[in-house]
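Here is a short briefing on one structure. Keep the sequence and the 3D view open as you read.

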Amino acid sequence: MKIRGKKIGIFFMTIFLIFSLVLAGCSSKESGSNDGGGETKGQTEITFWHGSTDIGLQALKKMVAAFEEKHPEIKVKMVYTEASEGADQKLLTAVAGGNPPDVALFDRFKVGSWAAQEALTDITDMAEADGVSEDLYYPYAWKEANYKDKLYGLPYTTDSRLLYYNKDHFKEAGLDPENPPKTTQELEAAAEKLTKKEGNRFKQIGFIPWYGQGWLYGWGWSFGGEFYNEETGEVTANDPKVVEALTWMASLAQKFGVEDIAGFESSAGSGAMDPFISGQISMKVDGNWTISAIEKYKPDLNYGVTPMPTPTGTDFTTWSGGHAIVIPKGSKNVEAAWEFVKFFGTEEGQEVYFAELPGDLSVIPAVNEKLGRGDNEKLKQFIDILPNSHSRPVIPEGQLMWNEIVDAREKTVRGNGTAQENLDQATETINKALEKYK
Amino acid sequence: MAEVTKGTGVQKSIVAKKKKKYSTNSNLHGWLFASPWIIGLVVFFAFPLVASIYFSFTTYSILQPGEFVGLKNYQELFKDDLFWKSIYNTIYFTVLFVPLSIIFGVALAMMLNMKIKGMAIYRTIFFLPTLVPHVALAVLWMWLLNPGFGLVNGMLDMIGIQGPNWLGSEIWSKPSLILMSLWGIGQSVIIYLAGLGDIPEELYEAAEVDGANWWQKTRNVTLPLLTPVIFFNLVMGAIGAFQQFTLPYTMTQGQGTPANSLTFYVMHLYDNAFKFFQMGYASAMAWILFVIVMALTAVIFVTSNRWVHYQGK
């Protein structure tokens with residue numbers, strides 16, 4: 001009897017041990033290191049998830065230090081979570097498990113779907129009370145942080161896309177390097193002159209519409225199309241102008257041989273081997289970050305940037321993405337978190353942050369101006385187009401829409417169906433998926 | 001001395017006493033030692049497994065509980081073009097890869113079973129690729145198969161063949177993936193080698209006495225006696241092939257490009273679960289995969305009676 005009692009004791013001790021181990025594993029996150037600085041009494045600690053490394057991390061640290069100096073009552077605990085997909089999954093499970101960070105950096109593109117899932121804290125009232133409003137930002141950036149008229153985060157970074165062209169190639173082909181193509185017809189004509197083919201291999205390729213950042217979104221808007229109807233809440237990826245844009249992309253694919261282009265694309269390198277930097281492609285659509293890449297790998301490259309051509313040669317536009325600072329649903333310190341979001345998302349924090357990142361663009365025009373971003377003649381063009389830029393529709397199925405549009409583009413340029421057929425099908429699929437949110 | 005004897009005497013009596021107790025309490029001990037594993041199994045495996053059956057009948061999105069919709073997810077799946085495309089891709093891969101991996105695996109194992117000096121080195125070389133993480137393997141092969149500067153097309157060029165655009169073409173992307181996957185058969189080769197080692201030497205001697213040549217020995221001794229191992233690798237290979245994920249996911253950055261020719265079943269499942277917030281739908285997909293794999297395994301098991309020979313039977 002005595003021995004049996006002892007064994008039951010051991011049994012329960014084992015169980016207890018296992019559970020305490022499990023619990024220790026869970027709680028170590030909270031009682032763990034404090035990034036060196038000790039926590040003083042009355043201080044609130046907020047957890048801040050980010051995926052920044054290298055100079056991005058340095059800028060973030062400067063910004064956090066500036067915040068802590070201004071708000072001694074709040075301590076920010078920075079936690080690195082890998083960038084891209086893994087981070088989303090982590091955040092998703094943390095929110096679902098009821099133990100999310102107080103603040104997180106987040107691809108603004110996903111605000112729509114996460115807000116629809118009620119995974120983000122609605123900050124509309126706090127922003128209103130503190131006078132943080134739309135007029136501070138570029139219109140598209142503010143729009144992308146809102147879902148169904150509620151604000152779910154503050155935008156903080158942005159980008160835009162323009163046509164890069166190689167001036168030396170232009171001279172060589174008898175084109176005026178100071179007068180880059182404005183209309184799509186001019187672009188096509190230039191592309192023909194700039195392309196040098198040997199058999200089915202390209203020695204030099206003038207232009208591939210979808211290469212780099214030449215997504216159908218950008219071309220669709222440049223052709224005057226719209227992807228979303230806000231009144232009906234329906235996706236309009238088969239807008240006649242978008243169809244026109246895709247038809248034009250496919251016609252170029254046929255002209256230059258789509259299989260040969262695909263061969264060129266898959267052998268294209270990155271970094272120093274980027275085909276634009278190495279002179280294999282004369283024109284491409286790409287984002288402002290490419291300026292820094294060229295400066296790093298080939299500073300003497302003679303190139304220019306110009307808005308993406310349109311059929312009319314007027315009404316130039318582009319599209320922009322970027323990130324937002326959000327408060328995930330279930331944050332334990334919403335008030336302190338908002339203080340931090342407000343600091344980072346408005347002029348004060350933005351100035352500190354972007355001062356460290358000379359090639360990046362703020363979502364606040366005044367900050368870009370104050371930091372002299374426009375002094376760089378090329379970067380200036382990327383900024384100048386921002387007031388006319390677009391963001392992708394803020395819908396719960398943003399990712400599905402992205403995939404569908406990429407698929408439609410790929411099918412069409414490969415000759416599997418016409419632009420109309422493929423975009424009709426994509427539109428139908430997305431709208432059907434959207435029905436469940438109505 | 002007396003002390004020691006006394007000590008052992010006491011110990012002996014304890015051992016005797018314990019032995020008696022063991023017979024009644026050994027179950028409890030067993031459960032006790034296995035409990036960490038059992039708890040883990042129940043909490044992290046059995047529960048999610050059962051839960052996912054339920055979720056497959058709901059619109060569960062991880063963040064929202066979702067509502068019960070009956071068989072709607074399953075019905076929707078059969079209307080989903082990409083679902084069929086991903087099944088096609090997965091079956092295409094499985095049907096080609098599994099037999100090829102067996103043929104190459106057995107052939108390689110037989111070569112590595114020869115009595116040659118330095119065989120350990122050869123065996124190591126063929127096993128090494130399986131130690132490379134899949135992500136690194138994907139990146140490595142993307143370089144090798146690059147149509148412009150890749151080693152593979154470079155070598156084809158030397159003999160006057162213009163190589164295809166391996167990973168960029170709809171037709172060649174799956175064969176390329178099969179080629180890449182064959183790189184990792186070292187694991188099954190090890191199992192074949194163990195199987196080969198089990199074949200009694202006297203059978204070969206008897207065959208030699210009967211005047212059998214190399215092919216007759218292989219055909220009538222080696223292969224029949226290797227069938228249990230081939231059977232094992234066939235089942236494991238088929239299950240593994242149906243769950244193909246890391247290589248195509250890494251190579252196509254999750255897009256399954258070109259034109260979804262590399263969208264495999266589990267990739268589509270993953271997209272639905274974690275990108276489109278359709279955990280219910282993804283659960284339904286998971287159960288369909290389970291049924292397919294179970295059915296396939298059952299078929300292999302049933303037909304195995306005809307071709308698998310166990311020694312001593």
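Which elements do the buried residues of α11(A) pack against? They pack against β9 (196-198), β10 (201-212), α10, β13 (281-287) and α17 of chain A. This is a predicted model, in which local features need pLDDT of at least 70 and side-chain atom pairs count only at pLDDT 80 or more, while totals for chains, interfaces and linings use all residues. Residues are numbered from 1 along each chain as its sequence is written, chains are lettered from A and ligands numbered from 1 in the order in which they are written, and side-chain values use heavy atoms, with hydrogens and water left out.

**Chain A and its helix α11**

- Chain A has 18 helices and 16 strands. Helices (H or I, at least four residues) and strands (E, at least two) are DSSP runs, numbered from the N terminus.
- Of the 438 residues in chain A, 54% are buried. Buried means under 20% relative accessible area, exposed means over 50%, and partly exposed lies in between (1.4 Å probe, protein chains only).
- Take the contacts in chain A with a separation of 6 or more: 75% of them join residues 24 or more positions apart. A contact means heavy atoms within 4.5 Å.
- Helix α11(A) is mostly covered, with seven of its 10 residues buried. Among them are V258(A), I261(A) and F264(A). D260(A) and S267(A) are buried too.

**Nonpolar cores**

- The largest nonpolar core holds 107 residues. Such a core is a set of buried Ala, Val, Leu, Ile, Met, Phe, Trp, Tyr and Cys residues joined through side-chain atoms within 4.5 Å.
- Those touching the most other members include F48(A), W219(A) and Y353(A).
- Helix α10 (residues 240-256) of chain A gives the most to this core, with 10 residues.
- A second, separate core has 48 residues, including W141(B) and V308(B).
- In soluble globular proteins, nonpolar side chains tend to be buried together.

**Where the chains meet**

- Chain A brings 36 residues to the contact and chain B brings 37 residues.
- The two chains bury about 3400 Å² between them, 54% of it on carbon and sulfur atoms. Buried area is the accessible area (1.4 Å probe) that two parts lose on being put together, summed over both.
- The rule finds one salt bridge across this interface. A salt bridge is a side-chain nitrogen of Lys or Arg within 4 Å of a carboxyl oxygen of Asp or Glu. The side chains of K432(A) and E76(B) form a salt bridge at 3.4 Å, N to O.
- Several helices of chain A each supply at least two residues to the side that touches chain B, including α1 (2-31), α11 (258-267) and α18 (419-434). The largest share, seven residues, comes from α1(A).

**A loop in chain B**

- Q253(B) sits in the loop between α11 (246-251) and α12 (265-275) of chain B. N260(B) and A259(B) also lie in the loop between α11 and α12.
- Most residues other than glycine have a negative phi. Yet Q253(B) has a positive phi near 50°, and N260(B) has one of about 60°.
- Is Q253(B) buried or exposed? Q253(B) is exposed, because its relative accessible area is 62%. N260(B) is buried, at 9%.
- A259(B) is buried as well, with a relative accessible area of 12%. Leaving aside neighbours within four places in sequence, A259(B) is in contact with E410(A), R414(A), K85(B) and E170(B).
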